[in-house]
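Hello,

Here is the structure I promised to pass on. Please open it first, then read my notes below.

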Amino acid sequence: MHRRLLEKWIYEGLSDEERDRIPPELLDRVRAHFHELADAALEQVGDGDVSDGPTAMKRLRERIEAQS
């Protein structure tokens, strides 16, 4: 249940009622995780280490799986 709500939050947004059904600690953890991903991406941009397309998606997927 929470997973589906989190996916909907990321892709579509949630109503207030739906957001209230997710524990605040879980929302905080998800927000923190995405902040970490964004910070890493910005660091890569700053370092000039950016690629797009399948290579970038593969690298992102590997990082996410390694953190799980």
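Helices here are DSSP runs of H or I with at least four residues, numbered from the N terminus. α1 (2–11), α3 (24–47) and α4 (54–67) each supply at least two residues of the lining of the largest pocket. One thing to keep in mind: this is a predicted model.

The fold

The chain has 4 helices and 0 strands. Along the sequence, the pattern reads α-α-α-α. There are 68 residues in the chain, and 19% of them are buried. Take the contacts with a separation of 6 or more: residues 24 or more positions apart account for 16% of these. The accessible surface is about 5,500 Å². Carbon and sulfur atoms hold 53% of that surface.

The largest pocket

How much space lies in the largest pocket? The value is about 510 Å³. Its lining counts 14 residues. Nearest the centre of the pocket lie I10, V30, H33, F34 and I64.

Which helix gives the largest share of the lining? That is α3, with 6 residues. By class, the lining splits into 8 nonpolar, 3 polar and 3 charged residues.

Best wishes

How values were computed
Residues are numbered from 1 along each chain as its sequence is written. This is a predicted model: local features need pLDDT of at least 70, side-chain atom pairs count only at pLDDT 80 or more; totals for chains, interfaces and linings use all residues. Side-chain values use heavy atoms; hydrogens and water are left out. On a 1 Å grid over the protein atoms alone, a cavity is a set of points where a 1.4 Å probe fits but cannot get out, and a pocket is an open set with protein on both sides within 12 Å along at least five of seven lines; lining residues have an atom within 4 Å of a point. Grid points are joined across faces, edges and corners, and a volume is the space filled by probe spheres set on the points. Ala, Val, Leu, Ile, Met, Phe, Trp, Tyr, Cys and Pro count as nonpolar, Asp, Glu, Lys and Arg as charged, and the others, Gly among them, as polar. Buried means under 20% relative accessible area, exposed over 50%, partly exposed in between (1.4 Å probe, protein chains only). Contact means heavy atoms within 4.5 Å. Accessible areas come from the Shrake-Rupley method with a 1.4 Å probe; for residues, only the protein chains shown count as cover.
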